[in-house]
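Welcome! Keep the sequence and the 3D view at hand, and try each exercise before you read its solution.

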Amino acid sequence: MQYRTLPHGGEKISIIGLGMGSIHHANVAETERTVRAAIDAGINYLDFVPSEAVAFEGYARALRGQRDKVMLQVHLGADYSTGSYGFTTDPTVTRREFEARLATLGTDYADFGFIHCIDEDADFDKVMNGPTWEYAQRLKQEGAIRHLGFSTHSVDIARRFLATGVMDMGMFSINPLYDYTSESAYGQGEADDRAALYREFERAGVGISVMKAFAGGQLLDARQSPFGAALTREQCIQYALDRPGVLTVLPGVRGMDDLNDLLAFLDAPASTRDYSVLGAMAPQSSVGACVYCNHCQPCPKGISIGMVNKFYDLACLGDAMAEQHYRDLKVPASACIACGHCDARCPFGVRQSSRMQEIAAYFG
């Protein structure tokens, strides 16, 4: 397992996390076995929004005796009053349900307390200017919530959360379908704007936990994919992990088979993870923008082209830390000899040799 560091706190978070939206398809024993196997494999970041309350028992059993091995992402606004998942902005229901979830899991704290599923300005205003937010802040002060976070599908709402200055993690849907098409209501925002948002997360030091990495399975099926071709799990996971700000990807699992499919990513060769095929699928408006995929590698001078581009994009937003990271690179953009190797290999049509000159000039 590989781990990435939470900017606000320093915790090491596994790049593969565990989503639980589909675990209700498994029985109690299978749920317990799956969660335990995930923890044994080094997965330490677990979401807790199953679609059905029947998943609670197996999940809780799996955590007994190993709560300290994992970080739990528990949501303020997930409502299981009916036995099935729902969401609420009612502060009384929010508090009751949140406390019930902690009790169900046999814990007195959530590593991450998430303001849940806010996609409308009216809901944001109600929750963030009322008792729910006051409750969340109090729990943070008391230690019952270690880190505050949020989940949304909206670029604009994500920016409103980032503007509070107190968030440590945000759950956001990231995949090529949402980033490059308007085929889904879950993928709100234009491609360039969504790409800019990910850089804003990183600049703010707010991590991203990725939901819907496979677009609900749509990207894995050529008949359903808007690109007319299927992508693999490995390609989708790598795509999400390459976005700025992303710490972990949390695909939903239905049991051990799905978990094993996810863990296969860790041993997959670079050729299997390579999503450069998207260059032929993405809209023309996206051509010419570096997506940090590193398909242009290797550089004969040893320039880490994707990393150089990422630090440059962040520095242009005023991120002083990104500028320092650039200056710490062993091989800067100025080492480019304009051989054209990267230009010929870039699936998104970026003239990297020209961009290296631009970046070298920017950093002096």
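A residue is called buried when its relative accessible area is under 20%, exposed when that area is over 50%, and partly exposed in between (1.4 Å probe, protein chains only). The model is a predicted one, in which local features need pLDDT of at least 70, side-chain atom pairs count only at pLDDT 80 or more, and totals for chains, interfaces and linings use all residues. Residues are numbered from 1 along each chain as its sequence is written, and side-chain values use heavy atoms, with hydrogens and water left out.

**Exercise 1. Two aromatic rings**

Task: Work out which kind of pair Phe-150 and Phe-201 form.

Solution: 
- Step 1: Recall the rule: rings of Phe, Tyr and Trp (its six-membered ring) pair if their centres lie within 6.5 Å, and planes under 30 degrees apart count as stacked, over 60 as edge-to-face and the rest as tilted.
- Step 2: Apply the rule: the centres are 6.0 Å apart and the planes meet at 25°, so Phe-150 and Phe-201 are stacked.
- Step 3: Helices (H or I, at least four residues) and strands (E, at least two) are DSSP runs, numbered from the N terminus.

**Exercise 2. A second pair**

Task: Classify the pair of Tyr-312 and Phe-363, then say whether these residues are buried or exposed.

Solution: 
- Step 1: With 6.4 Å from centre to centre and 70° between the planes, Tyr-312 and Phe-363 are edge-to-face.
- Step 2: Tyr-312 belongs to helix α12 (residues 305-316) and Phe-363 to the segment after α15 (352-362), so look for them 51 residues apart.
- Step 3: Both Tyr-312 and Phe-363 are buried.

**Exercise 3. A covered helix**

Task: Find out how many residues of helix α9 (residues 233-241) are buried, and what they pack against.

Solution: 
- Step 1: Eight of the nine residues in α9 are buried, among them Cys-236, Ile-237 and Tyr-239.
- Step 2: Using contact (heavy atoms within 4.5 Å), the buried residues of α9 pack against elements including β1 (3-5), α7 (176-180) and α10 (256-263).
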